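Grab a pencil and open the viewer. Below are a few exercises, each with a solution you can follow step by step.

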Amino acid sequence: MSEAPALVLDRVSKRFGTVQALREASLEVRRGTIVALLGENGAGKTTLLRVAFGMVKPDAGTVRMDGREFRASSPAEALRAGLGMVHQHFALVPALSAAENVALGGHGWFSVREAAARMRQIAARTNMTVPPDERVEDLPTGAQQRLEIVKALARGARTLILDEPTAVLTPQESEELLRVLRGFADDGGAVVLITHKLREALGVADVVTVMRRGRTVLSVARAEATEEMVARAMLGDVPPPAGRRELLGERVTRKVTADAPIVAAAREVVIAGLRGASAIHASTVLLRAGEIVGIAGVEGSGVHELVRALAGRAPVLSGTLQLPAHIGFVPEDRLRDGLVAEWTVTENVALRGAGAARGRLHWGAIERSAAELLERYDVRADGPQARVETLSGGNQQKLVLARELAGDPPLVVVEQPTRGLDIAASAAIHERLLAARDNGAAVVIASADLDELLMLADRLLVTFEGRVREVARDRDEAGRAMLGLDAGVDLKRTDNGTPLPP
């Protein structure tokens with residue numbers, strides 16, 4: 001094994017227009033090791049690794065692979081040199097089989113048979129099994145993640161870059177993936193793991209590297225790293241109390257009494273899914289004032305349809321659904337379903353209650369309300385007339401939440417509240433959801449991040465194959481229930497039939 005590092009990025013700088021994305025940033029990963037790369041959104045993590053992968057041309061700095069200077073002009077050239085990158089959003093063709101996806105982008109004849117054989121060889125060596133003949137759209141999220149890695153390995157990658165690889169995985173899937181990466185590194189590979197999850201980084205990495213505002217501000221062996229040290233490096237100072245909860249995963253739950261008022265009730269509901277089939281089968285959910293109910297489930301389990309029904313955005317085929325007139329709803333995709341990027345902050349605030357509101361729009365009052373929300377929720381924008389597309393992702397999310405919490409709705413439903421957000425933005429979102437609960441609202445949170453639900457939820461529900469069950473706030477038990485390995489408590493048997501208050 002060569003003593004030279006597998007990959008070195010040395011004093012790399014990059015400017016996009018007026019934004020200095022990278023400022024002499026550096027990174028080193030040696031064979032046999034995993035390097036965790038942490039930092040807030042916009043710190044430059046993904047941009048730095050895209051330089052190595054030939055997706056971004058740097059203004060200054062050098063890249064070396066195995067001791068030799070290297071500058072990829074394209075991802076294909078990086079792959080040929082043994083560098084693979086698995087992006088946060090999968091680059092798969094859903095209608096094709098797993099083997100066909102592996103064959104895409106290869107060299108020579110398009111041979112699905114050879115691709116399938118290569119997949120079996122990789123599975124035997126790494127325990128990373130994906131059914132070659134299965135269509136990608138029928139694969140669970142964890143298998144799609146494995147397929148992306150198999151694609152890179154099939155093309156000879158000896159160094160792997162993974163961007164937030166566990167963001168959409170169950171705890172068991174995450175643990176299995178990290179075990180595979182550990183084995184790959186121990187076998188002489190090199191891994192760079194971009195992550196927001198501090199504990200995950202400290203649990204698997206050999207080296208922890210932190211970027212802030214385009215610079216590398218910390219690179220330390222895992223044995224020398226502490227949570228507080230890494231947090232200071234990421235945020236630049238001592239985290240506030242909200243930040244500490246987010247960083248350290250401290251639970252902020254409370255017990256809600258059985259006589260608390262019922263705000264919303266779904267009883268024996270059947271909810272439609274895709275292709276006419278039911279996504280939720282005869283399930284019951286009661287939501288009480290002053291509690292946060294977390295809902296977890298793998299993709300396709302019915303969680304999306306259940307949440308949309310509780311938000312009043314999807315009808316039920318049978319059963320009874322009783323909801324309050326005013327519901328705050330924060331959708332999973334803020335730019336597709338929550339905001340109009342080309343409109344101003346004021347115009348987006350005016351969308352509150354769209355579809356139900358009647359009468360004239362009083363723009364002066366709406367602008368004053370928008371300005372108040374910007375200040376109260378610490379939304380960083382150039383005033384209420386700023387276009388939403390100029391806001392960062394975290395500030396866009398805070399704007400949607402501010403609009404939906406205005407007027408103190410009795411029911412708040414939030415999908416993926418902090419996906420893709422950094423620690424500071426996530427902590428701000430969490431604080432607002434906790435405040436809504438403490439003010440008496442029933443809050444529903446659906447998240448692919450089970451740790452987030454375990455930290456916030458007073459009760460935890462899991463959907464599996466269209467059934468809804470309540471489980472203990474325990475990581476292993478919840479993860480097993482998401483995979484159908486634990487029956488949990490059938491909510492139909494716990495419904496006492498209490499009617500909604502008038």
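**Exercise 1: a sheet and its helix**

Three strands form an open sheet in the order β12-β11-β14, with antiparallel pairing. Your task: find which strands are the edge strands, and which helix packs on the sheet.

Before you start, note that this is a predicted model, where local features need pLDDT of at least 70, side-chain atom pairs count only at pLDDT 80 or more, and totals for chains, interfaces and linings use all residues. Residues are numbered from 1 along each chain as its sequence is written, and side-chain values use heavy atoms, with hydrogens and water left out.

Solution. 
- Step 1: Look for strands that pair on one side only; these are β12 (278–288) and β14 (316–322). Strands are DSSP runs of E with at least two residues, helices are runs of H or I with at least four, and both are numbered from the N terminus. Two strands pair if DSSP finds at least two bridges between them.
- Step 2: Axes are lines fitted to C-alpha atoms, for helices over the stretch in contact, and angles run from 0 to 180 degrees between N-to-C directions.
- Step 3: Now the helix. α10 (residues 303–310) packs on the sheet and touches β11, β12 and β14, and its direction makes about 135° with that of β11. Contact means heavy atoms within 4.5 Å.
- Step 4: Zoom in on one pair: β11 (residues 262–272) and β12 run antiparallel, joined by 7 bridges. Ala272 has Ser278 in β12 as its bridge partner.

**Exercise 2: a hairpin**

How many residues sit between β1 and β2 in their hairpin?

Solution. 
- Step 1: Find β1 (residues 7–16) and β2 (residues 19–29), antiparallel strands joined by 7 bridges.
- Step 2: Pick out a partner pair: Leu9 is bridged to Leu27 in β2.
- Step 3: Go to the turn: 2 residues lie between the strands, and Gly17 there has a positive phi of about 60°.

**Exercise 3: buried or exposed?**

Is Thr418 buried or exposed?

Solution. 
- Step 1: Locate Thr418 in the loop between β16 (411–415) and α15 (423–438).
- Step 2: Thr418 counts as buried because its relative accessible area is 10%. The cut-offs are under 20% for buried, over 50% for exposed and partly exposed in between (1.4 Å probe, protein chains only).
- Step 3: Leaving aside neighbours within four places in sequence, Thr418 is in contact with residues including Gln397, Ile429 and Glu452. The C-alpha atoms of Thr418 and Ile429 are 7.2 Å apart, with 11 residues' separation along the chain.
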